[in-house]
Amino acid sequence: MFIDTHCHLNFKDFKDDYYQVAKRALDDQVEMIVVGSEVKTSQRAVDLLDEFGKGVYAAVGLHPIHLQDILVKNNNENGKYEFRSKKEDYSEEDYFNLAKSNKRVVAIGEIGLDYYHIGSDVDSEIKKIKNLQQEVFYRQLELSKKLDLPAIVHCREAHDDLFPILQDFYKRNSFKKEWGVIHCFSGDYDLAKKYFEIGLKISFTGLVTFVKDWDEVIKKSPLQKIMIETDSPYLSPEPHRGKRNEPIYVKEVAKKIANIKALDFFTVENELYQQSKTFFSL
Ligand SMILES: [Zn+2]
């Protein structure tokens, strides 16, 4: 069994065929967590739960890019996309109610910091946006603690600010188990180790199938600290690059991790699945 710990079947890219996409994955032993990015997509993730049984789960949260009205654009190895983001004011009540509305809401996310998509070059404005992102991130960490759900953390070009926030949160609270994951991890092993030390995991996408930057961190990190995901519709792995990504392709990420760590594929499959189940209390 596999679990794609981070996909966006709730996004409009899957509007016409989300059911078939999920079914295809489930029929092929791939479960999934559908991750929200604002109230609308979080609600959609929760709504999807009614159409499927066990094996499909949801996360709800406000992504940092949705704190502003900006044109979100990307055209590099992370893929090509462009959409307009609508500003949302964070409401703890909305996300609390969404999280409580179904037992298969298993995490708060995605939340975090994104300094790559700050649509401004005015220093004072940048500072204001960063402060807002940090504040809303911290408030959602508090929500995850209150609900006893792990946090799915997004970080783009912001580890220098992200780590101290997580470390501070870790010190102020007591945790009996791992309490968050840095999704689509972008750092090196030294940084990974710092996250491990404060009770966090790291997660890898299809990017690792064609970019070698993370071979070393994957090799050195214990399998028990790693999770896998697609972040579909984005970040399609080899050999599906250039096409829309989907949960079933998470197997390509598992294959690559087994390959880099020189471990038997079946061992990697089982360990990753069991670890993820424990982490999200599935
Ligand atoms: Zn995502």
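A crossing of two helices is called right-handed if the near helix is turned clockwise from the far one by less than a right angle, and left-handed if anticlockwise. That term comes up in the view of the helix pair below.

**View 1. The whole chain, before zooming in.** What you have here is a predicted model, where local features need pLDDT of at least 70, side-chain atom pairs count only at pLDDT 80 or more, and totals for chains, interfaces and linings use all residues. Residues are numbered from 1 along each chain as its sequence is written. The protein chain carries 9 helices and 10 strands; these are DSSP runs numbered from the N terminus, with helices (H or I) of at least four residues and strands (E) of at least two. Buried residues make up 46% of the 282; buried takes 20 or more other C-beta atoms within 10 Å of a residue's own, exposed 12 or fewer, and partly exposed is in between, with C-beta atoms placed from the backbone.

**View 2. The annotated binding site.** An unreviewed UniProt entry puts its "binding site" annotation on His-6, His-8, Glu-110 and Asp-231; positions follow the numbering used here, feature names are shortened, and such annotations may be inferred rather than shown by experiment. The four span 226 residues in sequence, yet no two of their C-alpha atoms are more than 10.9 Å apart, so they gather at one spot.

**View 3. His-6 and what surrounds it.** His-6 sits in strand 1 (residues 2-7) and counts as buried because it has 29 C-beta neighbours inside 10 Å. Beyond its neighbours within four places in sequence, His-6 is in contact with residues including Ile-33, His-183 and Asp-231 (contact takes C-beta atoms, placed from the backbone, within 7 Å).

View 4. Glu-110 belongs to strand 6 (residues 105-114) and is buried, with 28 other C-beta atoms within 10 Å. Leaving out residues up to four places away in sequence, Glu-110 touches, among others, His-63, His-154 and His-183. Check the backbone too: a cis peptide bond joins Gly-109 and Glu-110, with omega about 5°.

**View 5. Helix 3 against helix 4.** Helix 3 (residues 92-100) and helix 4 (residues 123-147) pack at about 35°, with axes 11 Å apart; axes are lines fitted to C-alpha atoms over the stretch in contact, and angles run from 0 to 180 degrees between N-to-C directions. The crossing of helix 3 and helix 4 is right-handed. Glu-92, Tyr-95, Phe-96 and Ala-99 of helix 3 meet Arg-139, Leu-143 and Leu-147 of helix 4.

View 6. Most residues other than glycine have a negative phi, and most peptide bonds are trans. Asp-148 has a positive phi near 55°, lies in the loop between helix 4 and strand 7 (151-156), and is exposed, with 9 other C-beta atoms within 10 Å. Cys-184 has a positive phi of about 45°, but is buried, with 23 other C-beta atoms within 10 Å. The peptide bond from Ser-232 to Pro-233 is cis, with omega near 15°.

How values were computed
Two residues are in contact if their C-beta atoms, placed from the backbone, lie within 7 Å.
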